Amino acid sequence: MTDRAFAVVRAGALTTVQDRGRPGHAHLGVPRSGALDPYASALANRLVGNPADAAVLETTVDGCAVRPRCAVTVAVGGAPCAVRVDGRPAAWGAPVRVPAGAVLEVGRAVRGLRSYVAFAGGVAAEAVLGSRSTDLLSGLGPAPLRDGTVLPLGPRPAGAAGSDAVPWPAAPGELVLRARLGPRDDWFTAAALRLFTTRAYRVSPASNRIGLRTEGPPLERAVTGELPSEGMVLGAVQVPPDGRPVVFLADHPTTGGYPVVAVVRERDLAAAAQAVPGTTVRFIPVR
Amino acid sequence: MRAVVVGERALLVELGSGGETEALHAELLRRRAAGALSSVTEIVPAARTVLLDGVEEPARLASLITGWEIEPLHARVEPALDIPVRYDGPDLPEVAALWGVSPEEAAEIHAGAEFRVAFCGFAPGFGYLTGLPAGYEVPRRATPRTAVPAGAVAVAGPYTGVYPRTSPGGWQLIGTTDAVLWDPRREPAALLSPGTRVRFVPQDPQEAARDVPRGVGGR
C-alpha cells in the first residue's frame, strides 16, 4: 500500500496549509482565512490536476523542504524561487515529479514573499468548519508546519496535470491598492484623506497574514471618540491610534473598533500578499 | 437607520440602539431563511451595526433596507440555554462593590437576569451577551490579564461573556463554567450564536446566592 503522506524536513520561517478558507462564519468570530495569494494557489493546483480549492502549502520568505513517502507530482508557484529534488534543479511554475523518499526543496523567494506548493491529491490535513486552512488569528486548522510534521495527501486526482504555460502574476515593484473610501472616512480630517490618497506608504516588516501594516504619514482623526466594534471585511483599511493604515488580509478579525477609512479591492490583495517589507504602497481612490 | 456601502460588495447598516440592531439582525435572518439575500455570505451583527458581505448590488440594497418595516424584537418561544456557573471569579468582590451590593447579591443579580447574545467576536465562540439591567455597566480592568482561563464568566461595559479558551483579556471575572463554548468537532461548533437566549444557573445550590434575601441593593 502506498503511504500517501509527506514529512517536513525544513519547515521554514512560516509554512501553513491553505485552501480557500472558511467564509460564512464571521458572525461567530471565525476569520475567513485561506491562501493570501489565491491566484497563485489556484494555478499551482491546476498544474498538478487538482481542483482550485485543494489545500496547498503557503511558505513565507525562505520556502521549506518536504519528503513525500510516495511518488507525487508537485508544482511550486507564487513567489519565484529555486526548486530542487534531491539536490538537482527542477522547474518552478511547472509540474515536477518527486520520487518516493526524495526531498523537495523549495528555496528562498527571489521576488515576492509567499510560494505555494501544490501536491497531486492535495494536502489532506483535517478540515475544521469545512476548511483545511491554518488561521493564525484564532488558531483554527492545522498548526503551522514544524520540522518532522507528517501530513497526509489526498487521493490522486482524476484530472491530468495541467498546462505548464500558465501566466504568473509578478510580485509588485510598487504596490498599487485601489480602494473605495468609507465606511468611516468621515472620522478623518480632509487633510488626512488627502495624505492617504496621494502620499506613498511603505510595507512594514510587522505585516502578516492578519494585515498588511504600513509606514508613512499618520492619518489624523476628525472624530476622537471611540467607535463601537463593528463588522470588518477583507481589504478593510483600519486605522489604529498610531494613524498608520493596516490593510486586513485573510486572517483578519471579524469585528474591530478602529475606524475603517477605505476598503481595498479584493483582486488587488494578492499583490499585497507578495509585497516585501519596504515596498512602496499607494492607495488609489476608486468609486 | 443608515446604510453605508463598504468596498465593492458589502453594506454596513447603522442603528440607533442595541435593541434595534438585534431586531434588524433577526429580520435579516428571517429574510435569508425565506430565500432572499441569496448572494450574501456573511451577516455580522455588532454593537450598533449589522454588516452584510457578498451583496450583489450594495447601493441598491442600501436604499431598500432603510425603508424596511422591521418587526420589533420580542421574547422568542424557544427556551433559554442554561449555562451552569460557579460565582467564584477573582473580580466578583470588585464588581459587587461597583454595584453597591455584597458578592452574594451580585451573583444573585447576575443569575437572575435573562441574557441574549447580541453579537460574537474577539475569538471563535465568544459572545457579547446583553441583559443586565441599565446601571450595571462596569469598566474593563485597568490592566488586562495576560491569560484568562477557558470557561471564565466575565463582565465589561453592558456585556457578559464567557472565554472560550485561555486568552488575554481585560474583562472582570465573576465566575467559572464547565460548559464548552467552542468545539470545532461539534455541530454547531459555537454554543452561542447571535440571538441565542441564555440564563446563568448557579451550579452549586448550597453555595449559590439563593438564600440571600432578595431586593437588597440593586444599582
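This is a predicted model: local features need pLDDT of at least 70, side-chain atom pairs count only at pLDDT 80 or more; totals for chains, interfaces and linings use all residues.

Student: What percentage of the residues of chain A count as buried?

Tutor: Buried means under 20% relative accessible area, exposed over 50%, and partly exposed in between (1.4 Å probe, protein chains only). Of the 287 residues of chain A, 56% are buried.

Student: Which radius of gyration does chain A have, and what would a compact globule have?

Tutor: The radius is taken over C-alpha atoms, and the globule rule is 2.2 Å times the number of residues to the power 0.38. For 287 residues a compact globule would be near 19 Å, and the 20 Å of chain A agrees with this. Along the principal axes, the C-alpha atoms of chain A fill a box of roughly 65 × 40 × 30 Å.

Student: How many helices and strands does chain A have?

Tutor: Helices (H or I, at least four residues) and strands (E, at least two) are DSSP runs, numbered from the N terminus. Chain A has 3 helices and 20 strands. A contact means heavy atoms within 4.5 Å; among the contacts in chain A with a separation of 6 or more, 77% come from residues 24 or more positions apart.

Student: How many salt bridges are there over all chains?

Tutor: A salt bridge is a side-chain nitrogen of Lys or Arg within 4 Å of a carboxyl oxygen of Asp or Glu. The count over all chains is 28. One of them joins Glu105(A) and Arg10(A), with the closest N and O atoms 2.9 Å apart. This pair links strand 9 (residues 104-109) of chain A, which holds Glu105(A), to strand 1 (residues 5-10), which holds Arg10(A), 95 residues apart.

Student: Where do the partners Asp268(A) and Arg178(A) lie?

Tutor: The closest N and O atoms of their salt bridge are 2.7 Å apart. Asp268(A) lies in the loop between strand 19 (260-264) and helix 3 (269-274) of chain A and Arg178(A) in strand 12 (residues 174-181), so the pair ties together parts 90 residues apart in sequence. Asp268(A) is buried at 9% relative accessibility, whereas Arg178(A) is partly exposed at 27%.

Student: Is Asp91(B), a partner of Arg141(B), buried or exposed?

Tutor: Asp91(B) is buried, with a relative accessible area of 3%. Arg141(B) is partly exposed, at 25%. Their closest N and O atoms are 3.0 Å apart.

Student: Why is helix 4 of chain B described as largely enclosed?

Tutor: In helix 4 (residues 103-112) of chain B, 7 of the 10 residues are buried, so the rest of the structure largely encloses the helix. Among the buried residues are Glu105(B), Ile109(B) and His110(B). The buried residues of helix 4 pack against several elements of chain B, including helix 3, strand 6 (115-120) and strand 13 (197-202).

Technical notes: Residues are numbered from 1 along each chain as its sequence is written. Chains are lettered from A and ligands numbered from 1 in the order in which they are written. Side-chain values use heavy atoms; hydrogens and water are left out.
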